[in-house]
Amino acid sequence: MSTLSAAILLFMILDPLGNVPIFLNLLKSLPPARRRWVLARELLIALVVLFAFLWGGQHILSAMHLRQESVAIAGGIVLFLIGIKMIFPTPEGLFGETPEGEPFIVPMAIPLIAGPSGMAAVMLMSSNEPERMGDFSLALFLAWLATAVILFSSTYLYRLLGRRALAAIERLMGMLLVALSVQMFLDGIGAYLARSAGAA
């Protein structure tokens, strides 16, 4: 996987376009200056969390005695479920009802930006190719930067595209995520079968 393809994959997983209506709803009660500050804070928290999983992924797997195939299969399942919800959204949104008041960590930073599929994806990248941590760090930062630009432009994008266009884009990204999740799942199964055959 190239740095660019990793960045595109992470960008789709972060799903900033799908989060635009949710973020606008969460921040609508705040004054504009406070809104920008909260958004910047939540984006930075999400970036720290994702980098922690990227750089600590191998140690987490070792501590929990999890094999790479398990993470690939679990990541594929989680990614599949999120992709399905993006294609067939529910009225309460992708991650259910959101709490009232100013958001802090939940639900904006986690799980709307740094969600379970994003954490699983960066852990999988670091565990599969630990020698490319620099490339994956750059890919993660580029995906996060593009996400930040879109979310800071959320009001303008919502006015320009409208809810229908944003929903159509989210469904398209959901279809791509479903395809990627199936590939991740099959890769995990293939790696597990290959390891089992080698051990036999």
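S126 is in contact with F53, L54, G57, Q58 and M133, leaving aside its neighbours within four places in sequence. Contact here means heavy atoms within 4.5 Å. S126 sits in helix α6. Helices are DSSP runs of H or I with at least four residues, strands are runs of E with at least two, and both are numbered from the N terminus. S126 counts as buried because its relative accessibility is 0%. The cut-offs, with a 1.4 Å probe and protein chains only, are under 20% relative accessible area for buried, over 50% for exposed, and in between for partly exposed. The side chain of S126 also reaches the backbone oxygen of L54, at 3.1 Å. That is a polar contact: a pair of N or O atoms within 3.5 Å, where within protein one must be able to donate a hydrogen and the other to accept it, and residues adjacent in sequence count only if both atoms are side-chain atoms.

**Basis and confidence.** This is a predicted model, in which local features need pLDDT of at least 70 and side-chain atom pairs count only at pLDDT 80 or more, while totals for chains, interfaces and linings use all residues. Residues are numbered from 1 along each chain as its sequence is written, and side-chain values use heavy atoms, with hydrogens and water left out. pLDDT is the predictor's confidence in each residue, from 0 to 100. The chain has a mean pLDDT of 84, with 94% of its residues at 70 or more. Confidence is highest in helix α7 (residues 133-152), at a mean of 96, and lowest in helix α4 (residues 68-87), at 78.

How far does helix α8 span between its end C-alpha atoms? Helix α8 (residues 154-199) spans only 52 Å, whereas a straight helix of 46 residues would span 68 Å. The expected span is 1.5 Å times one less than the number of residues. α8 has a kink of about 95°, centred on G162. The bend at a residue is the angle between axes fitted to the seven residues ending there and the seven starting there. The buried residues of α8 include L157, L166, E170, M173, L177 and M184. Among the elements that cover the buried residues of α8 are α1 (3-14), α2 (16-27), α6 (116-128) and α7.

**Salt bridges.** There are three. The criterion is a side-chain nitrogen of Lys or Arg within 4 Å of a carboxyl oxygen of Asp or Glu.

| Pair | Closest N and O atoms |
|---|---|
| R41 and E42 | 2.9 Å |
| R132 and D135 | 3.2 Å |
| E129 and R132 | 3.5 Å |

E42 is buried because its relative accessibility is 0%. R41 is also buried, at 15%. E129 is partly exposed at 24%, and D135 is partly exposed at 32%. R132 is buried, with a relative accessible area of 16%. Shared partners join E129, R132 and D135 into one network of salt bridges.

Which residues have a positive phi although they are not glycines? One is D15, with phi of about 50°, in the loop between α1 and α2. D15 is buried, at 2% relative accessible area. Another is I105, with phi of about 70°. I105 lies in the loop between α4 and α5, and is partly exposed at 28%.

Two cis peptide bonds follow. V106 and P107 are joined by one with omega of about 5°; P107 is in the loop between α4 and α5 (108-113). I110 and P111 are joined by another, with omega of about 10°. P111 belongs to helix α5.
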